[in-house]
Amino acid sequence: MSEALVDVEERPDELTFPAALPVLPLKETVVFPESVTPLAIGQERSIKLVEDVVSGDRVLALVTVRDPGVEQPGWDDLYDVGTAAVIHKMIKVPDGTLRILVQGTQRIQLDQRIQADPYLVGEFLELPDKLEETPEVEALTRNVQNLFGRVIGLVPYLPEELQLAASNVEDPSALCNLVASTLRLKTEEKQRLLELTDVATRLRGVSAILNRELEVLELGSKIQSQVQEEMEKGQREFFLRQQLKAIQDELGEGDADQAEINELRSRLDELDLPEDVRKAAERELGRLEKLPSAAAEYGVIRTYLDWLVSLPWNKTTEDNLDLEHARHILDEDHFDLEKVKDRILEHLAVSKLKNDLSGQILCFVGPPGVGKTSLGQSIARALGRKFARLSVGGVRDEAEIRGHRRTYIGAMPGTIIRTIRDAESMNPVLLIDEIDKMGTDFRGDPASAMLEVLDPEQNKTFRDHYLDLPFDLSKVLFICTANTLDTIPSPLLDRMDVIQLSGYTEDEKFGIAKRYLLPKQLEAHGLDPDRLKVTDNAIRLIIREYTRESGVRSLERRLADVLRKAARQIAEGKTRATMVRIDDRRVRSGLGPRRFEGEVRKRTAEPGVATGLAFTAAGGDVLFFEATAYPGKGRLTITGQLGEVMQESAQAALSWVRAHAEQLGVDPAWFQEHDVHLHVPAGAVPKDGPSAGITMAVAIASLVRNQPVAEDVGMTGEITLTGLVLPIGGIREKALAAQRAGLKRVILPRDNEPDLKELPAETKRELEFIPVDSIEDVLAAAFDGAPRREKRQANLKVASSRSQARVSPSRS
Ligand SMILES: Nc1ncnc2c1ncn2[C@@H]1O[C@H](COP(=O)(O)OP(=O)(O)OP(=O)(O)O)[C@@H](O)[C@H]1O
Ligand SMILES: [Mg+2]
């Protein structure tokens, strides 16, 4: 600092108060007695004044100007009351102005104007305080001390030490001066305080000002803290993020968001993306970069990009079209199924010639557990393709297949895209399970989405709602599976190459169990095939008594049950033998009482029950048709979830029996006095189709004749009102069902005789087939071998119980 410091000597203790004092006009400030105040002096005449004073007794009068706008204030511009003061220090600033430090000594009042040039000089009177030491003054003093303390705490420009100083000032007048000189008050307000001679009044004035200030300050700080709270909430996160960023920078980890974006970018660069996909990805990445990671949109785009990079764009596997190899794999995985395997190989051969596997969709149709899914897996293995499976059973929502648009919260691609991602290849074998069980409702038709997926014309540019980019499905080899063709929408069916799989005979099941299921299960249970043998009889016992199905799924499960028990015994050390044999006895003790035993015999023990053969989505099955009667007027009630066609067959059956009552040995009047109730139990399975006509006729005939139907016979066939028997379908499955149920004879329409050639030799050997032309033939066979009960009505004629139908000699 280049300021010249002129040190002024200590002023004398006794201030001599000269009659004439030079007057320094003050603008916008008031100096109080005892207070030390710095002042800047710029006006030429004031500089002269200060210089004169400093070289003299250093005492001057400080009087405030009424209107700070006046350039050169004269006597009339000044208040009357001011403060006598001593100049303690003077500093000359290089620009020619002065800084002085003054200390007020006492209040003074102008008495006489002496001179106006070169500066004002006047005669002043001392203005002493008027102070009475009353309790009121005492109380006011403490109040001011207290208020001032609080104000200091709230005002940022006042130092905390002032609080201590204020509490030490006992003199009321000095206290007022301290408060008045330190607070930022309006000049007029300060001047008014200065002019108050009565100390009590001055204290009141000061405390009023302090109270007002305090109110304003407290309100202010309340507002401040509210605002701060609001701001803090919003800014807290921002600050934390900034800090996090700083920490990461410090650790050399860089910007996490940027790192994430960089990683995404490098992953995208590594991928061989189709052009339009790359463009879309770049666009999204650009948007991502501009967003703060806390934005909701950020997460949405991030997830989308994750999906894009996780898909196997342009990634394919090399096909192995060696038919020998394929044949080998199919044989390795599946027993027999010769025709099916041939069909598959033909399909592959055609593809090989066309050098294109796409555009052809295989559809395996058959009962559960016959190997549809596992054939699909084998095909993938044979071709060296990835295998992926998705089930569309119960899917009602189109969005499940095609995904939701990205604007929905939690949106995802549909199951097709998800499955392709899991397959990690653009040309997997994609098995679509249960295509016959797809539903439709208000959310759209999933079948139409499937149509687009499966249509070679359209699936090159399949559009998933979420991806919103064309996706090439044309290299995928689609294989569908279904239990029945009836419920597959025909536009879908048109595109498929259908391969039928039928149920297995007992021998086939035995072969599958021995050669495939057992080794598979032994391995799954960690059992050594050399140390554990399951006898052939045991396997057959499981098939015959513990399962009743078209496929081999329960068989596999029962085998697993048996092996699990054996595994436990071996593990617990309960058997010390080097070779464990599982025979009939062990199967029985392991699996408990047989599950399916003599059901037909039990059910048909009473008159009015006939055993029908049905062909359902689950394969062939036996169904029991029950007829009962009660007093009424010849009406027919039908229950058991029978469809319209079946209800009509029931009517036809009843009509025929009624029309031929006499021939059956029944009084025709019986029908006028009875209502007939026909029921087909078997759970809640809806049943329909015409093939139960003869079974219902037999049930009603059995009822009215009061003669049970033979326990070893099952039947199927449509009936006309004239009593003719018409052909039906599903002979193979029905025959297998009859065999499984332990029946010995099957009554079937003569027109179905050619179908018998197709049956497995084993089935033909075990079952006797009775082709029939008319209902009379049916009745003859159905009651053949059945015990005749006592006649319902004494005068009924006995109808012939034998006919020309073939009946095996063992049964007479
Ligand atoms: N011919 C066969 N040879 C060997 N194993 C077979 C054969 N048929 C079925 N299996 C086995 O039976 C089990 C059930 O077969 P799979 O799951 O393929 O039945 P599915 O026809 O798909 O039935 P669903 O209609 O219930 O889906 C599998 O373990 C499969 O390997
Ligand atoms: Mg399956």
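**Ligand site, voids and backbone geometry**

Tutor: The model before us is predicted. A nitrogen atom of ligand 1 lies 3.3 Å from a polar backbone atom of valine 370.

Student: Which residue has an N or O atom in its side chain 3.0 Å from a nitrogen atom of ligand 1?

Tutor: A polar backbone atom of serine 374 is 2.9 Å from an oxygen atom of ligand 1, but that contact involves the backbone. The side-chain contact, at 3.0 Å from a nitrogen atom of the ligand, belongs to tyrosine 504.

Student: How much of the accessible area that ligand 1 has on its own does the protein cover?

Tutor: On its own, ligand 1 has 640 Å² of accessible area.

Student: Which helix gives the largest share of the shell around ligand 1?

Tutor: The shell has 20 residues, and the closest are Gly369, Lys372, Thr373, Lys520 and Arg553. Two or more residues come from each of helix H12 (372-383), helix H17 (506-524) and helix H19 (553-571). The largest share, four residues, comes from H17.

Student: How many residues of the shell around ligand 1 are charged?

Tutor: The shell divides by class into nine nonpolar and six polar residues, besides the charged ones. The charged residues number five.

Student: In which pocket does ligand 1 sit, and what is the volume of that pocket?

Tutor: Ligand 1 sits in the second largest pocket. The volume of the second largest pocket is about 670 Å³.

Student: Which helix gives the most to the lining of the second largest pocket?

Tutor: There are 31 lining residues, and Gly371, Lys372, Thr373, Ser374 and Arg553 are the closest to the centre of the pocket. The elements that give two or more residues to this lining are helix H10 (323-333), H12, strand S13 (477-482), H17 and H19. With six residues, the one that gives the most is H12.

Student: How many charged residues does the lining of the second largest pocket have?

Tutor: In this lining, 10 residues are nonpolar and nine are polar. The charged residues number 12.

Student: What is the volume of the largest cavity?

Tutor: Over the whole structure, a search finds one cavity of 30 Å³ or more. The volume of the largest cavity is about 30 Å³.

Student: Which helix provides the largest share of the lining of the largest cavity?

Tutor: The residues that line the largest cavity are Leu613, Thr716, Ile731, Lys734, Ala735, Val746, Leu748 and Phe769. Helix H26 (731-740) and strand S24 (745-749) are the elements that give two or more residues to this lining. By class, the lining has six nonpolar, one polar and one charged residues. The largest share, three residues, comes from H26.

Student: Which residues does a cis peptide bond join?

Tutor: The bond has an omega of about -10°.

Student: Which residue has a positive phi although it is not a glycine?

Tutor: The residue is placed in the loop between strand S11 (462-463) and strand S12 (470-471). Its phi is about 60°, and the residue is aspartate 468.

Definitions and conventions: Residues are numbered from 1 along each chain as its sequence is written. Chains are lettered from A and ligands numbered from 1 in the order in which they are written. This is a predicted model: local features need pLDDT of at least 70, side-chain atom pairs count only at pLDDT 80 or more; totals for chains, interfaces and linings use all residues. Side-chain values use heavy atoms; hydrogens and water are left out. A residue is near a molecule or strand if one of its heavy atoms lies within 4 Å of it. A polar contact is a pair of N or O atoms within 3.5 Å; within protein, one must be able to donate a hydrogen and the other to accept it, and residues adjacent in sequence count only if both atoms are side-chain atoms. Accessible areas come from the Shrake-Rupley method with a 1.4 Å probe; for residues, only the protein chains shown count as cover. On a 1 Å grid over the protein atoms alone, a cavity is a set of points where a 1.4 Å probe fits but cannot get out, and a pocket is an open set with protein on both sides within 12 Å along at least five of seven lines; lining residues have an atom within 4 Å of a point. A molecule sits in a cavity or pocket if more than half of its atoms lie within 2 Å of its grid points. Ala, Val, Leu, Ile, Met, Phe, Trp, Tyr, Cys and Pro count as nonpolar, Asp, Glu, Lys and Arg as charged, and the others, Gly among them, as polar. Grid points are joined across faces, edges and corners, and a volume is the space filled by probe spheres set on the points.
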